[in-house]
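Please walk me through this structure, from its salt bridges to its cores and the contact between its chains. Plain paragraphs will do.

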Amino acid sequence: MSNQVNSVKYLLGAKRLLMAGGVSLDPHGIVINAEGLGKTYDGVKWALRNADLSVNRGKVVTLLGPNGAGKTTLVRILTTELEPSTGKLIILGEDALRNPERVRPRIASIPQEAKPIYFVTPYELVFSYLVFRGFSISDAKAEARRALEELGLWGVRNKIMNNLSGGYKRRALVAMALASNAELVFMDEPTTGLDVFSRRSVWDALARLKGNSTVILTTHYIEEAEFLSDEVIIMNNGLVVSRGTVSELLSKVNGEYVVEVYGISKPIFEGYSYVKLNNRYLVYVDTSEDSSLIASECAKIGGKALMRRKTLEDVVIRLIGGWYSDEPTGDLDSS
Amino acid sequence: MSLQGIWTQVKSVIVFAWFYGWLAVIREPFWLVSSLLNPLSIVVIMTIFGGVRYMSFGLLGGLAMAVSSSGGFTIIGDAAYLRLELKYQSMLINTRLNPISYTLGLALSELTYALPGLAVFIILIQLIMRIPASLYLIIIPILALEWVAASMLGFTLSTLMNDVRYGWSLSGILGFLLGTLPPVFYPAYLLPTPYIALVSPVSIVSTVLQYIILKANYPQELIKLSVIVLLAETVIFTILALRKSRWRSIY
């Protein structure tokens with residue numbers, strides 16, 4: 001059976017190249033090239049502003065940002081579902097705004113809050129999706145099996161969705177994208193609501209896609225972005241705030257350590273870089289001595305402080321600038 | 001489109017009907033019974049008050065209503081549900097399934113779901129009215145036109161919904177406005193003018209069925225006009241659905 005599946009995979013790979021128009025595309029080529037993408041629904045407020053994007057083949061790129069940052073709007077435009085108000089978009093070498101029908105069969109997307117039809121089984125869900133993607137019946141059966149096995153769903157393949165847990169349902173959706181062998185895969189918050197075990201199973205599946213497919217992922221989980229991403233794009237208020245590899249982003253914000261301070265009414269961090277996050281402050285410092293100094297100063301005025309090494313989450317918060325725009329932040333790092 | 005492309009679309013429509021229609025029939029039979037009860041309950045009341053003569057009108061009306069209701073108007077709720085609640089339409093955008101095939105697949109799945117109910121009506125009609133087989137050559141195309149018209153109208157209306165709850169409500173309202181109020185279950189000649197039957201594709205079909213099966217006393221012009229209006233509605237609703245079923249959204 002495994003030989004059979006391997007030969008199916010080989011044939012599907014060859015088919016995919018043919019679907020790409022018979023052109024042997026550069027494996028390191030640019031898959032998405034967007035310039036000045038913008039979207040306004042009412043002509044006044046912009047959900048997405050002037051987004052430039054360039055994504056290389058085979059990479060996993062994660063969009064990070066708070067709710068309303070514009071991540072889903074950007075993904076809906078990139079999947080050709082939503083028409084942008086401004087900008088140009090080339091996907092897989094095709095003008096995706098003029099000829100979306102040439103792009104669509106070559107990409108797969110699992111939207112935010114997508115749910116499977118409740119009266120079908122995981123196997124039926126994935127199988128039918130593959131037929132809609134143009135697979136033959138026999139290829140659809142083989143690939144559905146492969147994807148369900150990879151995501152640990154083969155044992156529940158004949159159970160009706162309504163009788164499965166939320167984790168299984170979500171993984172069944174991910175299996176659709178995994179089985180598709182699409183050149184470009186979009187997953188909008190694929191692990192939201194999953195327990196730690198299910199989430200890691202999805203991570204494994206996404207990690208396996210890496211290299212063969214280009215994956216655009218949106219998530220609220222910073223550790224997910226750290227684990228999976230070749231590149232992270234940070235968005236806020238419809239703007240791309242910053243982008244880079246995880247290590248590049250970590251270096252964009254000063255300081256090796258972060259002191260998280262709460263229980264004080266005014267910032268007392270003269271000379272340090274900081275942001276206000278709801279009712280607490282994040283102070284970015286270079287040494288553990290600085291951390292200890294801030295912690296002891298806070299303790300004198302009744303505050304509390306936690307010290308730790310800087311993480312990607314601290315970087316995202318710093319680059320976005322905290323939660324309250326009316327509250328002044330410390331000197332912003334130039335990045 | 002190449003032959004291979006056409007086959008992909010045909011295969012997808014059939015798989016859609018299996019997936020969303022047949023699987024629903026075998027796994028959700030309660031809905032099926034419930035959808036049958038609406039037209040049947042009207043037939044029962046008409047039989048109690050009007051006897052066998054009016055039962056025949058009721059059964060023909062029930063058949064016309066079942067084609068539109070189960071096969072067409074429910075598409076409003078289902079299409080809105082798949083688009084807004086499950087985001088299933090968003091997933092299918094990035095497949096080879098084109099908007100026309102999606103609409104047809106959805107309509108065919110609704111018809112598949114309605115088939116057992118339609119079979120009940122056809123069996124009852126056959127038992128009571130003993131229709132000659134040759135008449136089915138007229139009846140089936142008329143019902144097919146009604147199904148396409150109602151499905152396309154239903155899909156077009158579903159694209160206007162921004163909340164799935166409105167979709168289910170609108171199905172019920174349309175069922176009443178187009179399938180119960182006009183002369184569907186009763187003869188149009190009871191009205192000041194039988195031409196009122198032209199207001200709805202369901203009453204058009206019911207009137208034509210009454211004319212050819214029960215030999216109801218309608219002017220020939222009304223029947224000719226009924227067929228013309230039904231054809232025109234089918235074409236117009238199909239064009240509207242195809243325009244509305246474009247994948248790209250501006251919202």
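A:Arg76 and A:Glu81 form a salt bridge, with their closest N and O atoms 3.4 Å apart; the term stands for a side-chain nitrogen of Lys or Arg within 4 Å of a carboxyl oxygen of Asp or Glu. Both A:Arg76 and A:Glu81 are buried, where buried means under 20% relative accessible area, exposed means over 50%, and partly exposed lies in between (1.4 Å probe, protein chains only). The model is a predicted one, in which local features need pLDDT of at least 70 and side-chain atom pairs count only at pLDDT 80 or more, while totals for chains, interfaces and linings use all residues. Residues are numbered from 1 along each chain as its sequence is written, chains are lettered from A and ligands numbered from 1 in the order in which they are written, and side-chain values use heavy atoms, with hydrogens and water left out.

Over all chains the structure holds 18 salt bridges. Side chains of opposite charge can pair when their charged atoms come close. One such pair is A:Lys300 with A:Glu297, whose closest N and O atoms are 3.2 Å apart. These two residues are separated by about one helical turn, because they lie 3 residues apart in helix α10 (residues 288-300) of chain A. Helices (H or I, at least four residues) and strands (E, at least two) are DSSP runs, numbered from the N terminus. A:Lys300 counts as exposed because its relative accessibility is 64%, whereas A:Glu297, at 35%, counts as partly exposed.

In another pair, A:Arg308 and A:Asp314, the closest N and O atoms are 2.6 Å apart. A:Arg308 has 29% relative accessibility and so counts as partly exposed; A:Asp314 has 2% and so counts as buried. Salt bridges also link A:Glu143, A:Arg146, A:Glu150 and A:Arg208 in a network.

Chain A as a whole has 11 helices and 14 strands. Of its 335 residues, 53% are buried. Contact means heavy atoms within 4.5 Å. Among contacts in chain A between residues at least 6 apart in sequence, 69% join residues at least 24 apart.

Next come the nonpolar cores. A nonpolar core is a set of buried Ala, Val, Leu, Ile, Met, Phe, Trp, Tyr and Cys residues joined through side-chain atoms within 4.5 Å. The largest has 123 residues, and those that touch the most other members are A:Ile117, B:Phe16, B:Leu82, B:Tyr88, B:Leu106, B:Ile139 and B:Ile213. Helix α2 (residues 29-85) of chain B gives the most to this core, with 20 residues. A second, separate core has 27 residues, among them A:Val31, A:Ala51, A:Leu89 and A:Ile107. Beyond four places in sequence, B:Leu106 is in contact with B:Phe16, B:Tyr20, B:Ile75, B:Ala79, B:Leu82 and B:Phe155.

B:Val43 is in helix α2 of chain B and counts as buried because its relative accessibility is 4%. Not counting residues up to four places away in sequence, B:Val43 touches B:Met55, B:Gly58, B:Leu59 and B:Phe121. B:Ser206 sits in helix α7 (residues 201-213) of chain B and, with 0% relative accessibility, therefore counts as buried. The side chain of B:Ser206 reaches the backbone oxygen of B:Val184 at 2.5 Å. With residues up to four places away again set aside, B:Ser206 touches B:Gly61, B:Ala64, B:Pro183 and B:Val184.

The last topic is where the two chains meet. The contact takes 44 residues from chain A and 32 residues from chain B. About 3400 Å² is buried between chain A and chain B, and carbon and sulfur atoms give 62% of that area. Buried area is the accessible area (1.4 Å probe) that two parts lose on being put together, summed over both. The interface has 2 salt bridges. In a salt bridge between A:Lys115 and B:Glu85, the N to O distance is 3.1 Å. On the side of chain A that touches chain B, the elements giving two or more residues are β6 (107-110), α4 (122-132) and α6 (166-179) of chain A. The largest share of that side, 7 residues, comes from α4(A).

Technical notes. Polar contact = N/O pair within 3.5 Å; in protein donor to acceptor, adjacent residues only side chain to side chain.
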